[in-house]
Amino acid sequence: MIRILPSLLSADFTQLASEIASVEQGGADLLHLDVMDGHFVPNLTFGPPLVESVNKCTALELDCHLMISHPLRYVDAFAKAGADWISFHVEAEDDPGKVIDALERLGVKAGIAINPDTTLYRVKPLLPRLQMVLVMSVFPGFGGQKFIPEVLPRIKELRNLGFTGEIEVDGGIDARTAPLVAEAGATMLVAGSAVFRQQDRSAAIAGLRAAASGVRS
């Protein structure tokens with residue numbers, strides 16, 4: 001089943017509650033939150049207090065993508081703030097096995113993110129412990145980037161490695177690229193501009209779902 005995750009990074013933060021309500025009512029499956037620390041990536045976004053505020057105004061599950069150094073230091077805070085899914089980068093400094101240990105202890109669905117130029121074999125030993133792998137289809141740090149088509153074989157390779165969990169794709173997802181990643185095996189599609197920059201959020205989400213689901217019919 002294809003699930004659509006609007007990325008809060010593209011929302012109007014001056015109208016955050018109404019922005020969240022518009023995608024929740026428009027059929028979003030989860031809400032994606034991009035957490036950047038200004039160190040692991042050059043941009044800086046938000047931390048646990050905003051996640052907690054978002055959690056108070058939506059019934060949607062929150063998918064927190066930690067683009068941060070030393071994620072082990074912060075997973076407790078994000079879990080307590082209301083994150084239902086937490087993904088962290090295999091390229092971050094901490095031992096990924098220990099981060100997964102912490103996520104399991106916290107009862108959070110564990111995901112690992114991988115950059116476009118990182119070999120999948122860095123995550124292969126971890127796959128049996130993960131609920132999700134986040135395949136970056138842009139280099140992390142900024143919204144609105146163009147989709148990198150060379151990542152498509154990586155999605156297929158994950159399935160060939162025996163991974164049966166969720167494969168999430170983040171970066172440049174729109175009605176043109178959604179069917180490409182779905183056909184490759186992705187099940188969770190993060191969309192920022194393709195949702196929040198459209199006036200009719202319901203139509204935008206439905207259009208993405210239809211485009212992606214068409215390859216599965």
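**View 1. Arginine 3 and glutamate 166 pair up through their side chains in a salt bridge, 2.6 Å from N to O.** By salt bridge we mean a side-chain nitrogen of Lys or Arg within 4 Å of a carboxyl oxygen of Asp or Glu. Arginine 3 sits in strand β1 (residues 3–6) and glutamate 166 in strand β7 (residues 166–170), so this contact ties together parts that are 163 residues apart in sequence. Helices (H or I, at least four residues) and strands (E, at least two) are DSSP runs, numbered from the N terminus. Arginine 3 counts as buried, at 17% relative accessibility. Here buried means under 20% relative accessible area, exposed over 50%, and partly exposed in between (1.4 Å probe, protein chains only).

A quick note on the model: it is predicted, so local features need pLDDT of at least 70 and side-chain atom pairs count only at pLDDT 80 or more, while totals for chains, interfaces and linings use all residues. Residues are numbered from 1 along each chain as its sequence is written, and side-chain values use heavy atoms, with hydrogens and water left out.

**View 2. Aspartate 29 and arginine 209 meet in a salt bridge between their side chains, at 2.7 Å from N to O.** Aspartate 29 is in the loop between α1 (16–25) and β2 (30–36), and arginine 209 belongs to helix α8 (residues 201–213), so the pair ties together parts that are 180 residues apart in sequence. Aspartate 29 is partly exposed, with a relative accessible area of 27%. Arginine 209 also counts as partly exposed, at 23%.

**View 3. Here the side chains of arginine 105 and aspartate 76 form a salt bridge, 3.3 Å from N to O.** This one links distant parts of the chain, 29 residues apart: arginine 105 is in helix α4 (residues 96–106) and aspartate 76 in helix α3 (residues 75–81). Arginine 105 is exposed, at 56% relative accessible area, whereas aspartate 76 is partly exposed, at 23%.

**View 4. Asp101, Glu104 and Arg129 are joined in a network of salt bridges.** Across the whole structure, the search turns up seven salt bridges.

View 5. Cysteine 57 is in no disulfide, and its nearest cysteine sulfur, on cysteine 64, is 13 Å away. Cysteine 64 is likewise in no disulfide. Cysteine 57 is partly exposed, with a relative accessible area of 34%, while cysteine 64 counts as buried, at 0% relative accessibility.

Key:
Disulfide = S-S within 2.5 Å.
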